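Subject: A structure for you to look at

Hello,

I am passing on a structure that is new to you, with my notes below it. Please open it first and keep it beside you while you read.

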Amino acid sequence: MRIDGRQKNELRKIHIIRSFTKYALGSVFIEQGDTKVVCTVMIEDKVPPFLKGSQEGWLTAEYNMLPSSTIMRKQRDISKGKIDGRSTEIQRLIGRALRSVIDLKVIGEKTIWIDCDVIQADGGTRCASIIGSFIALVDAINNLDHTNHFEVYPVKNFVSAVSVGIVGNQIYLDLNYYEDSKANVDMNIVMTDDDSIIEIQGTGEERPFTILEKDRLFELALEGTKDIILLERDLLGKDAIRIGENKGYIGNKQ
C-alpha cells in the first residue's frame with residue numbers, strides 16, 4: 001500500500017473543470033491527486049515568420065510553476081531573467097504532444113497558444129498539463145468551429161500522459177512527489193488513443209534499469225493512459241464526436 005493508500009497500478013483521482021476562465025477560448029482546471037494546474041488555450045490570427053504564406057498554423061506551449069506551488073517558495077522566472085531549464089523542457093514536451101494530434105494545415109495561418117500554470121505541485125505536473133491542455137484544446141477548437149465551420153476537423157487523436165517509476169523494488173503508476181523523490185527509475189510516457197507513442201522519457205535516477213523493467217514500466221503506463229483516455233472521452237461526451245474523422249487528410253480545404 002502506498003503513502004496515499006493507492007494500489008501500485010492505481011491512478012490518482014483526476015478532477016477536471018472545463019471553461020474555468022472567462023477570456024480563453026478553452027480553459028481547464030485539472031486536479032490529479034494534490035497536483036493542480038490551470039491550462040488555457042488562446043488562438044491568434046498570425047503565425048511565426050517561418051510559416052507566413054504557408055497556409056499552415058502553429059501550436060506552442062508555455063509552462064510555469066507559481067511561487068507557492070511548492071513547499072519552498074519558487075522564484076519566478078522573470079525575476080531570474082530567464083526560463084529555467086526544467087520549464088523549457090516541459091513546455092516543449094507539451095507543445096510536441098499536442099502538435100502531434102492536431103492537423104495544423106486545417107486551421108490555416110493561426111497560432112494556438114497553450115499556457116499551463118501549476119498552482120500546486122505534487123508530482124506529475126507535466127502529465128497533468130498535457131491532459132488538461134488536451135481538453136482545453138478540444139474546447140477551443142470547437143468554439144472556433146462555431147465561426148470557421150471546419151469542413152475537416154483538426155483534432156486527429158486523443159492524447160494522454162502518465163508517469164511510472166521504480167521505488168525500491170516496486171513498480172508504481174502515477175507517482176506523487178514523495179514517490180518521485182525516492183524513485184530509482186522514473187519514466188513519463190505520452191500516447192494517443194490508437195496506442196501510438198508520442199514520447200518516452202525514462203531515466204535511471206539511482207541506477208540503470210533493465211530491458212525487462214522497461215517493458216514492465218511500459219505495460220503499466222499503457223494501462224494508465226488507456227484509463228485516462230476513457231476519462232477524457234466521458235468528460236467531453238458529444239464534444240469529442242468528431243475527433244479522428246480526418247485521419248489521412250492531406251492539404252487545406254478551408
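This is a predicted model: local features need pLDDT of at least 70, side-chain atom pairs count only at pLDDT 80 or more; totals for chains, interfaces and linings use all residues.

The overall fold

The chain holds five helices and nine strands. Followed along the sequence, they come in the order β-β-β-β-α-α-β-α-β-β-α-β-β-α. The radius of gyration is 18 Å, close to the 18 Å that the globule rule gives for 254 residues, so the chain is as compact as a globular protein of that length. The C-alpha trace spans about 55 × 40 × 30 Å along its principal axes.

Of the 254 residues, 49% count as buried. The accessible surface of the chain is about 12500 Å², and carbon and sulfur atoms account for 51% of that surface. As for charge, the chain has 33 positive and 38 negative charges, and their mean positions lie 3 Å apart.

In soluble globular proteins, nonpolar side chains tend to be buried together. Here, the largest nonpolar core has 63 residues, and the members that touch the most others are Ile30, Ile94, Ile112, Ile114, Phe134 and Ile141. Which helix gives this core its largest share? That is helix H3, residues 125–148, with twelve residues.

Is Asp139 buried or exposed? Its relative accessibility is 9%, under the 20% cut-off, so Asp139 counts as buried. Beyond residues up to four places away in sequence, Asp139 touches Arg18, Leu25, Gly26 and Leu236.

Two residues with positive phi

Ser19 is not a glycine, yet has a positive phi of about 50 degrees. Ser19 lies in the loop between strand S1 (14–18) and strand S2 (26–32), and is exposed, with a relative accessible area of 61%.

Asp174 is not a glycine either, and has a positive phi of about 60 degrees. The loop that holds Asp174 runs between strand S7 (170–173) and helix H4 (177–182). Asp174 is buried, at a relative accessible area of 2%.

Some further stops

With a relative accessibility of 42%, Tyr178 counts as partly exposed. Tyr178 and Gly123 are 55 residues apart in sequence, and their C-alpha atoms are 7.9 Å apart in space.

Phe209 is in the loop between strand S9 (197–204) and helix H5 (211–236). Phe209 also counts as partly exposed, at 27% relative accessibility. Apart from residues up to four places away in sequence, Phe209 touches Val185, Met187, Gly202, Thr203, Gly204 and Lys214. From Phe209 to Asp186, 23 residues away in sequence, the C-alpha to C-alpha distance is 9.9 Å.

Finally, Lys52 is found in the loop between strand S3 (35–44) and strand S4 (58–65). Lys52 counts as exposed, with 62% relative accessibility. Which residues does Lys52 touch, not counting those up to four places away in sequence? They are Val47 and Glu109. Lys52 and Glu109 are 57 residues apart along the chain, with 7.4 Å between their C-alpha atoms.

Best wishes

Terms used
Residues are numbered from 1 along each chain as its sequence is written. Side-chain values use heavy atoms; hydrogens and water are left out. A nonpolar core is a set of buried Ala, Val, Leu, Ile, Met, Phe, Trp, Tyr and Cys residues joined through side-chain atoms within 4.5 Å. Buried means under 20% relative accessible area, exposed over 50%, partly exposed in between (1.4 Å probe, protein chains only). Helices (H or I, at least four residues) and strands (E, at least two) are DSSP runs, numbered from the N terminus. The radius of gyration is taken over C-alpha atoms; the globule rule is 2.2 Å times the number of residues to the power 0.38. Accessible areas come from the Shrake-Rupley method with a 1.4 Å probe; for residues, only the protein chains shown count as cover. Lys and Arg count as positive and Asp and Glu as negative; His and the chain ends are not counted. The place of a charge is taken as NZ of Lys, CZ of Arg, CG of Asp or CD of Glu. Contact means heavy atoms within 4.5 Å.
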